[in-house]
Amino acid sequence: MEKQRKDGDVEAVPVVIGGMVLDIQATSSIPPHPRTTCPGQIYYVQGGVARNIAECMTKLGAQPFMISALGLDMPGNLLLEHWKSAGLRTEGIRKHKDIKTPTVCHILDVSGEVAAGVASVEAVEMFLTPKWIQQFKHTIRSAPLLMVDANLSPPAIEVSCRLAAESNVPVWFEPVSIAKSERIAPIVKYMLKPAIWLLLEKGVKILVLTIGSDGVLLCTKGESISWRICLEKTQQHGFSRQLFENMTSSYPSNLYSDSKVLERSPNFLAVHFPALPASVVRLTGAGDCLVGGMIASLSTGLDVMQSVAIGIAAAKASVEVDSNVPSQFSLPTITGDARIVYSTAKLLQHQSKL
């Protein structure tokens, strides 16, 4: 089931494991009142943290391999047909009549923020099993980077990270929600290595922290903020190649090259990246496009600071449309916005203790 090159090796592509979800988004046209209905609009949108990230990566020129699960029901058919129509690979997506395709209902306020929501995503835990994931072990071990979201069961998260750790593949853990973020705890033992990121957990090497309209903080303790993926595992195709060339020609990865403390420093460092002004339509896809933009950029060989800048540019594009992921990204716009973010990033802290 794993795609191989002519030389017999498994193709090195970023791997994304997690939920594919049908989002039902209800937007009120007036401030909602409890215990009654209000006028507004209801939309059916392709969603799911992992799915959104993978779609964003694809539209930025990356070629992610998706591992997920869908039912043979209306939501599942809708999600799968959209995936196929985009020319994306489906062999990692488990399909079965007993699967109830994950569905989430969001209530959005007049500003586009999520006011409340209900998630029915149990199928991800039940059917995206360690056994299913292990079928793609060679793809995971060959990947430049693995992303897992917290919708997975703890055993599935652990086996995914163990497979990655066996081949020193960096892992991005996406916490999804406060309730599920604690699922990272049992797998820390696989992560305490250079160039592996964890979010919100002891032992973090590189932490990407979103702070809403104030932008993003990139934090590290003893890891270079110019870290990048090993060149032999990077990939560049079309859009991503142009993005790489534009960023490296204008802003090479040496923004703080004169500061020796930033290279393998044992101290705590934080860099602030500002948010970009945007004409907001809705905010539900911003975080996923931030991550998708970062992972796509890292997979091309850009460093983590350049990748944060592109992630913020992708997030801006996502909030200006009514879908979780824009139908397409403009190369001049993404590059221009990323340059603004990168050039205005500021080192906030350099201290010996957290």
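Contact is defined here as heavy atoms lying within 4.5 Å. The structure is a predicted model, in which local features need a pLDDT of at least 70 and side-chain atom pairs count only at pLDDT 80 or more, while totals for chains, interfaces and linings use all residues. Residues are numbered from 1 along each chain as its sequence is written, and side-chain values use heavy atoms, with hydrogens and water left out.

Confidence in the model was considered at the outset. The pLDDT is the predictor's confidence in each residue, from 0 to 100. Its mean for the protein is 83, and 80% of the residues reach 70 or more. Residues 192-201 have a pLDDT below 50, and this stretch has 42 contacts in the model beyond near neighbours in sequence. Residues 257-266 also stay under 50, with 19 contacts beyond four places in sequence. Where pLDDT is low, the predicted coordinates should not be read in detail.

The interior was examined next. A nonpolar core is a set of buried Ala, Val, Leu, Ile, Met, Phe, Trp, Tyr and Cys residues joined through side-chain atoms within 4.5 Å; buried means under 20% relative accessible area, exposed over 50%, and partly exposed in between (1.4 Å probe, protein chains only). The largest such core has 60 residues, and those touching the most other members are Trp172, Leu218, Phe273, Ile295, Met305, Ile312 and Phe329. Helix α10 (residues 304-319) supplies the largest share of this core, 10 residues; helices (H or I, at least four residues) and strands (E, at least two) are DSSP runs numbered from the N terminus. Leaving aside neighbours within four places in sequence, Ile295 is in contact with Ile53, Met57, Leu145, Met147 and Trp172. Another core, of 25 residues, lies apart from the largest one and includes Trp132, Ile140, Ala150 and Ala164.

Helix α9 spans residues 286-300. Of its 15 residues, 14 are buried.

Beyond four places in sequence, Ser28 is in contact with Cys38, Pro39, Gly40, Leu108 and Val110. The phi of Asn168 is near 55 degrees, a positive value in a residue other than glycine.

Note on methods. Expected span 1.5 Å × (residues − 1).
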